[in-house]
Amino acid sequence: FRILINANTGREEPCTWIDDPSKPIDEIQFRRAEQCKKPDVKEKCKRACGECCGDTSISFKYTNSLTGERRDVDCAWLAKAPEKRREKVCESKEGSCPEACGICAKESPPSVAPSTVVQILPPLTGCYDLPDFRILINA
């Protein structure tokens, strides 16, 4: 799935654009609020929209505060990091790495009201974004 950001230029972005860990948490929250209110985006970018709990695969920059070393890391690296480092990094990356930051365990699953109509779809496993989906953001 790719989100059409600008119809005039044809700029498209993948679902991971919504929760890109290189962006500040307020930018991720804004993108989620704007994009995920659209039913097709919410359905096809479940992980990025926070509909299920899973980490993004995009890497982000990490700077070691002791050595000044700067390198690319990802949520899998963060999940394996020592607790103090993980806590510090999760202050700004929990929107992109909720599983690595332990947010998933804190959230309770949404309840379904008895009157809610549920569409039965083929089973999908895990938390996912559909890679081929495209939406129009700015016509």
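Modeller: R86 touches L78, A79, A81 and A100, where residues up to four places away in sequence are not counted and a contact means heavy atoms within 4.5 Å. The model is predicted, so local features need pLDDT of at least 70 and side-chain atom pairs count only at pLDDT 80 or more, while totals for chains, interfaces and linings use all residues. Residues are numbered from 1 along each chain as its sequence is written, and side-chain values use heavy atoms, with hydrogens and water left out.

R86 lies in helix α4, residues 83-93; helices (H or I, at least four residues) and strands (E, at least two) are DSSP runs, numbered from the N terminus. R86 counts as partly exposed because its relative accessibility is 23%; buried means under 20% relative accessible area, exposed over 50%, and partly exposed in between (1.4 Å probe, protein chains only).

R86 and C101 are 15 residues apart in sequence, yet their C-alpha atoms are 7.0 Å apart in space. C101 forms a disulfide with C90, with an S to S distance of 2.0 Å; a disulfide is a pair of cysteine sulfur atoms within 2.5 Å. This pair links distant parts of the chain, 11 residues apart: C90 is in helix α4, and C101 is in the loop between α4 and α5. The angle about the S-S bond of C90 and C101 is -90 degrees, and the link is left-handed. C90 is buried, with a relative accessible area of 8%, and C101 is buried at 14% relative accessibility.
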